[in-house]
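Please keep the sequence and the structure at hand while reading.

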Amino acid sequence: MTLREIVTLPDPILRRKTRTISRFDAELQSLVEDMIETMRAAPGVGLAAPQVGVSDRLIVVEYPEDDAQEDTPKKLFVVVNPEIKETSAETEMGIEGCLSIPGLHGEVERALAVTVKGQTRRGQPFKIKAKGWLARIFQHEIDHLNGVVFTDRATKVWKPAPEEPVLDNV
Ligand code: NI
């Protein structure tokens, strides 16, 4: 595994629409491993391939499946070609930060729940119904695959004061 450099704005790769992945080969597996390692080292709870300079439809997320339960362990999700298939009408405001936009926080309205479909790293069908922060992370990462960053959606963006709580970056 290799740590990859995290790309930051204004790198144009963060604004590009990504390619669908059709080969589940060794190259994909090493990209997956590198992205997991890079996300953990950052540290972050999600990472999209364009953030390591690869314009492919791949995300990794590591977050508890249900954070309403305090000690739920983190779970790792690797999703190839993810798509949001259903979105709850109910939305929620939340504060986001992004590894590709260091030093900025923003308040973003997101769907409270989403159904994400895609494939696993081996090409098997993948589906999850995510709620709350996990749903927010999936929405943020899938935005990255479409060249969208959180500051595009934020109603308010600011430089966090030192006393502001540190966010789980994505
Ligand atoms: Ni991000």
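Which protein atoms are the donors of the nickel ion? In this predicted model, the donors are SG of Cys98, NE2 of His140, NE2 of His144 and O of Val170, and they lie 2.1 to 2.3 Å from the nickel ion. The angles among these four donor atoms run from 93 to 150°, and the site is therefore classed as irregular, since a tetrahedral assignment would require all angles to lie between 85 and 135 degrees. Along the sequence, the donor residues follow the spacing C-x41-H-x3-H-x25-V. Because cysteine 98 belongs to strand 4 (residues 91–98) while valine 170 sits in the segment after strand 8 (156–158), this pair ties together parts that are 72 residues apart in sequence. Cysteine 98 counts as buried, with a relative accessibility of 2%, and valine 170 is likewise buried, at a relative accessible area of 5%.

An open sheet is built from five strands in the order 1-2-3-6-7, and their pairing is antiparallel. Strand 1 (46–48) and strand 7 (125–131) stand at its edges with a single partner strand each, so one side of each has no neighbour in the sheet. From one strand to the next, the twist averages 40°.

Within this sheet, strand 3 (residues 74–87) and strand 6 (residues 113–119) run antiparallel and are joined by five bridges, and glutamate 86 stands opposite threonine 115 of strand 6. Strand 6 is also joined to strand 7, again antiparallel, by seven bridges, with alanine 130 in strand 7 as the bridge partner of valine 114. Strands 6 and 7 form a hairpin that has five residues between them, and glycine 123 in the turn has a positive phi of about 90°.

Is threonine 115 buried or exposed? With a relative accessibility of 4%, threonine 115 counts as buried. When its neighbours within four places in sequence are left aside, threonine 115 is in contact with Glu83, Ile84, Lys85 and Glu86, and also with Lys127, Ile128 and Lys129.

Helix 1 (residues 26–41) lies across strand 1, strand 2 (58–64) and strand 3, and runs at about 40° to strand 2. Its buried residues are Leu28, Gln29, Leu31, Val32, Asp34, Met35, Ile36, Thr38 and Met39, and what covers these residues includes strand 1, strand 2 and strand 3. At 1.5 Å a residue, the 16 residues of helix 1 should span 22 Å, which agrees with the 23 Å between its end C-alpha atoms.

Helix 2 (residues 132–145) lies across strand 1, strand 2, strand 3, strand 6 and strand 7, and runs at about 165° to strand 2. Of its 14 residues, 13 are buried, so helix 2 is largely enclosed by the rest of the structure. Glycine 147, which follows helix 2, has a positive phi near 75°.

**Backbone details**

| Site | Backbone feature | Value |
|---|---|---|
| Leucine 9 to proline 10 | cis peptide bond | omega near 10° |
| Alanine 42 to proline 43 | cis peptide bond | omega about -10° |
| Asparagine 81 | positive phi, residue other than glycine | phi near 50° |

Proline 10 is placed in the segment before helix 1, and proline 43 in the loop between helix 1 and strand 1. Asparagine 81, by contrast, lies in strand 3, where it counts as buried at 11% relative accessibility.

Technical notes: Residues numbered from 1 in each chain as written. Predicted model: local features only at pLDDT ≥ 70, side-chain atom pairs only at ≥ 80, totals over all residues. Heavy atoms only, no water. Helix = DSSP H or I, 4+ residues; strand = E, 2+ residues; numbered from the N terminus. Expected span 1.5 Å × (residues − 1). Buried < 20%, exposed > 50% of the residue type's maximum accessible area, 1.4 Å probe, protein only. Donors = N, O, S within 2.8 Å, 3.2 Å for Na, K, Ca; no water. Tetrahedral: all angles 85-135°; square planar, octahedral: opposite > 155°, others 65-115°. Pairing = 2+ DSSP bridges. Axes fitted to C-alpha atoms, helices over the stretch in contact; angles between N-to-C directions. Contact = heavy atoms within 4.5 Å.
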